[in-house]
Amino acid sequence: MPKSLLEQLPDIVAQGRKEAERILESIESRQRVSLQTREVVLPAKDSSVQDWITAQSRAAQREIFAPGQGSLIENAQPMLGDMSARPEPFEGKPWANRLIYGDNLLAMAALLAGDEQTPSLRGKVDLIYIDPPFDSKADYRTKVMLPGMELEQKPSVIEQFAYSDTWSDGTASYLAMITPRLILMRELLADTGSIYVHLDWHVGHYVKLVLDEVFGRDNFVNELIWKRQTAHSDSSGSFAVLHDTVLSFRKSAAYHFAVQYEPYSEKHIKENYRYQDERGTFALGQTKAPGNRGPRYVWNGFDRHWRFTEENMRRLDAEKKLYHSESGLPWKKLYLAEMPGVVVGSVWTDVNPVHAMDKTERVDYDTQKPEKLLDRIIRASCPEGGLVADFNGGSGTTAAVAEKLGRRWITTDLGKPACMIMRKRLIDQDAKPFLYQAIGDYQVEAAKATLGRDFRIGDLSQIVLSLYGALPLPPDVNPQRNLGQIASMEMVGAGVRKGSKTLVLADSPNKLTGAATLKKAIAQRDNLMGGWDR
C-alpha cells in the first residue's frame, strides 16, 4: 500500500535539506554558480543615467541597451557608477536592483555565493514574497499579441525540462521541488526578515507543514486570507472558492513589522465619532483592561484593572484626554484627526484583483497580482530602503511596487516571456537602472545531460517558429534551424489574390534581442533567394 503524503513528508523534507546542503557547500567551490549580466537597463529618459556606465570592455564584449535613450552601446562591460543616493549596506559596495532569468534554485545559489559586484546576500534580505505554481497541474501559458491575432505560448523546452519532475508524482513531487528552495530562502533572509508564501487550496496546507519544519512552528506569524473575487454562479456541489491564502513566517522573534491601517468608512465615523470638544471630533476608547490583566487601582470610585498605569491615567486627565460619563466612568478620547484608521486584520476583502479592462496596471499575465496586495505586504514587512526578493517574479508586481516604495529588489523567473514582461513594465514606469542577469548556460547544459546529445538550441527555435505559424526553411539555407517562412494569400482587389512571404528569424534564447539582431535579420532577408515581403 503506497504511503500517504503525511508519511512521505519527513523523507521529502530530509531529502530537501540534503539538496540544499549540497548547494550551500558548492557555493564555496570554484565551480559555483554565478550570474552573468546581459544588460544594464536604463529606463529613465534623463541623460544623467549615462553616469551609470563608467568603464569600457574589461573582460568580454557586451551590449547595453538604454530603452529610455533609444541608443545601443556596443562592446561595453558594464560597471555601476556613482550610486551614492542608494543604500549601501553590503560592505560599502554599491547596489543595483536585479531581474534574473533562470531557475530560482540556481539564482539563489548565485546570490548566496556572491560576485564581484555584490558580496553574498546571505542574511541580507529583509522580505521574500513568492507566488509559486499552486500544484493545480495547470498548463500555464503566456499570451502573445501579434498583429491581427492573439496567441498563447506554451512553456519552452527549458521550462518544461526544469519543471518536468514537479508534477511527475503529484503533490509529493511539488513538495520535493519547493522544500530546498524554501531552505535557501531562509538562508538569504536577515534575522529581522519575513517570508510570505502565496498559495491556494491545492497545496497550501501541505506547504504549511514544510514551512513549519524549515522556519519552526514558533515563527509562524499569519495565515492571510485574500478574497480575490466575488461570488459566482458556476459552482456545483460545493461553496464557491473565492480566496487565496498567504502564509507568513518570520526568521526570528526580532522580525520587522509595521502595523497597517485601513481608512475608516463613512459609516464607522458616523456611528462612533459622535463627540466634539475644542480639539475636534472624537470617539470613546476603553480604559478598562481586557481579561483583568492590567494594573489595578481605584479611579474616580471605580476599583478595577485598567489599560493604563495610574500615573498615565493622571497624565491623560491633566491633558483633558479623558471623558467621564454620567456615572463617572472614564473613557479615553480618540480624536479622529489623530487616528490612523482601522488596523488591518488577517482577512483582506478590500484588495481587488486586476481587472481585465485596467489599462494602467494590467500587463496581460494570467496570474498577475494587484499592486495593492504587494504594497501592503512590503510596507508591513520591509523597512524603508530594505531589500525585497521575489523568486517567482511572474508579471513583476513585487519589483514594480518595491521600486515605487523606495525599496531595493531582486526578482527572478524561469520563463523568458515573464522576464520580458517584467523588464518592459519596469521600463514603462521609469524605474531606476537595473541589471538584467541570467544563469548562463547551466540550464541548457542540464537539458543536454538529460535529453541527450541530440538536443540543440535549435530545438528551442522550432518552438518560436511554430508560435508564429512559420514553417522551417530547408536545411541547406537554414543550418542553425532558426529560420522559417510564413506564406499567405492577400486580397488585393475583387477576386484577385497575391502571395505574400514573410521571413521569421528566431534569435538566441540566451541574450536579449537588440539592434544587432535586427541588422542580421535584414541581411538574411536581403541575401536569401525567394524575395521576401517582410
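**Reading buried residues, strands and charge pairs**

Reader: Buried or exposed: which word describes C382?

Author: C382 is buried, at a relative accessible area of 0%. The word buried stands for under 20% relative accessible area, exposed for over 50%, and partly exposed for what lies in between (1.4 Å probe, protein chains only). C419 is buried as well, likewise with 0%. Of the 534 residues in the protein, 45% are buried. The model is predicted: local features need pLDDT of at least 70 and side-chain atom pairs count only at pLDDT 80 or more, while totals for chains, interfaces and linings use all residues. Residues are numbered from 1 along each chain as its sequence is written, and side-chain values use heavy atoms, with hydrogens and water left out.

Reader: How many disulfides does a search of the whole structure find?

Author: A disulfide is a covalent bond between the sulfur atoms of two cysteines. With the criterion of cysteine sulfur atoms within 2.5 Å, the search of the whole structure returns zero.

Reader: How many helices and strands does the protein have?

Author: There are 13 helices and 25 strands, assigned as DSSP runs numbered from the N terminus (helices H or I, at least four residues; strands E, at least two).

Reader: Which way do the residues of strand β20 point?

Author: In a regular strand the side chains alternate between the two faces of the sheet. In β20 (residues 387-390), L387 and A389 point one way, V388 and D390 the other way, and all are buried.

Reader: Which strands pair with β20?

Author: Pairing requires at least two DSSP bridges between two strands. Strand β5 (residues 125-130) runs parallel to β20 and is joined to it by two bridges, with L127 opposite V388. Strand β21 (residues 408-413) is also parallel to β20, over four bridges; here V388 faces W409. In turn, β21 is joined by four bridges to the parallel strand β4 (residues 97-101), where Y101 has D413 as its bridge partner.

Reader: What is the order of strands in the open sheet, and which stand at its edges?

Author: The order of its 10 strands is β1-β22-β4-β21-β20-β5-β8-β10-β9-β19, with mixed pairing. The edge strands are β1 (36-41) and β19 (347-348); each has a single partner strand, so one side of each lacks a neighbour in the sheet.

Reader: Where is P353, and what does it touch?

Author: P353 is in the loop between β19 and α8 (371-381). Leaving aside residues up to four places away in sequence, P353 touches W226, R228 and P370, a contact being heavy atoms within 4.5 Å. P353 is partly exposed, at 38%.

Reader: How many salt bridges does a search of the whole structure find?

Author: Side chains of opposite charge can pair when their charged atoms come close. The search finds 21 salt bridges, each defined as a side-chain nitrogen of Lys or Arg within 4 Å of a carboxyl oxygen of Asp or Glu. In one of them, R181 and D103 bring their closest N and O atoms to 3.0 Å. This pair links distant parts of the chain, 78 residues apart: R181 lies in helix α4 (residues 171-188), D103 in the loop between β4 and α2 (104-113). Both R181 and D103 are buried.

Reader: What separates R314 from E310 in helix α7?

Author: About one helical turn separates them, because they are four residues apart in α7 (residues 310-318).
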